[in-house]
Amino acid sequence: MNRAIRAVALSTAALSLAALPTNGHAASTTGALMVTHVRPNTSGADVSGSRQLNLNGEYFVIKNVTTRTVNTGGYVPDISTNSYGRALPSYNLPAGAKAYVHTGSGTNHRDSSGWHHIYRGYARHVLPNDGRSRNPDLRLKKPGSPDNNTSTGSISPCNWGNAADGTTYAC
Ligand SMILES: [Ca+2]
Ligand SMILES: [Ca+2]
């Protein structure tokens with residue numbers, strides 16, 4: 001198991017959200033991909049002066065729940081009340097495989113431990129550290145869906161509360 005996933009935790013806010021009928025501990029999907037984990041608050045300081053730090057330490061994890069390769073191109077990770085829903089780049093994710101979807105820049109690849117890494121290419125942090133006032137916070141939407149802050153086209157939601165520094169949450 002990757003060290004980044006070992007420290008899975010649920011905040012008290014996430015636990016309270018679990019009481020809602022549309023949300024729970026177990027990740028779910030109505031499509032080929034599922035959001036399984038999220039790290040909204042990158043380890044350490046997010047900014048230093050005008051510099052954004054450790055952008056790739058902010059990420060979410062997706063899983064291919066099918067028995068065939070799925071191309072991630074066009075899937076829209078939409079976030080409530082902002083415009084950070086840039087569609088995912090083209091990347092062939094094998095059957096059953098998981099991928100870190102990093103906020104910053106890099107070359108999409110599979111690492112030596114078998115984990116896949118996909119980069120969104122933002123120059124700033126885009127996942128709110130404090131998700132308490134929004135529900136849902138992150139929705140993976142099927143390819144072709146607009147980035148319009150609605151749940152239309154959503155296949156897998158993920159929520160969190162006030163995210164602790166460097167903590168990965170199960171969706
Ligand atoms: Ca963040
Ligand atoms: Ca931080």
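This is a predicted model: local features need pLDDT of at least 70, side-chain atom pairs count only at pLDDT 80 or more; totals for chains, interfaces and linings use all residues.
### The chain as a whole

The chain holds two helices and 14 strands. Of its 171 residues, 36% are buried. Contacts between residues at least 6 apart in sequence are joined by residues at least 24 apart in 63% of cases.

### The sheet around β12

Let us return to β12 and its partners. The strand belongs to an open sheet of three strands, ordered β7-β12-β13 with antiparallel pairing. The edge strands of this sheet are β7 and β13, each of which pairs on one side only. On average, and with direction ignored, neighbouring strands here are turned by 25° against each other.

Which strands does β12 meet through bridges? Strand β7 (residues 76-79) runs antiparallel to β12 and is joined to it by four bridges. Strand β13 (residues 154-158) also runs antiparallel to β12, again with four bridges between the two.

| Residue | Bridge partner | Strand of the partner |
|---|---|---|
| Ile79 | Leu138 | β12 |
| Leu140 | Ser156 | β13 |
| Arg139 | Pro157 | β13 |

Reading the table from the side of β12, Leu138 is the bridge partner of Ile79. Towards β13, Leu140 is partnered by Ser156, and Arg139 by Pro157.

### Leu127, a loop residue beside the strand ends

The loop between β11 (116-119) and β12 contains Leu127. Why does this loop residue count as buried? Leu127 has 24 C-beta neighbours inside 10 Å, and therefore falls in the buried class.

Which residues does Leu127 touch, leaving aside those up to four places away in sequence? They are Val38, Pro40, Glu58, Ile79, Thr103 and Leu138.

Pro40 and Leu127 are 87 residues apart along the chain, yet their C-alpha atoms are separated by 5.3 Å.

Technical notes
Residues are numbered from 1 along each chain as its sequence is written. Chains are lettered from A and ligands numbered from 1 in the order in which they are written. A residue is buried if 20 or more other C-beta atoms lie within 10 Å of its own, exposed if 12 or fewer, and partly exposed in between; C-beta atoms are placed from the backbone. Two residues are in contact if their C-beta atoms, placed from the backbone, lie within 7 Å. Two strands pair if DSSP finds at least two bridges between them. Axes are lines fitted to C-alpha atoms, for helices over the stretch in contact, and angles run from 0 to 180 degrees between N-to-C directions.
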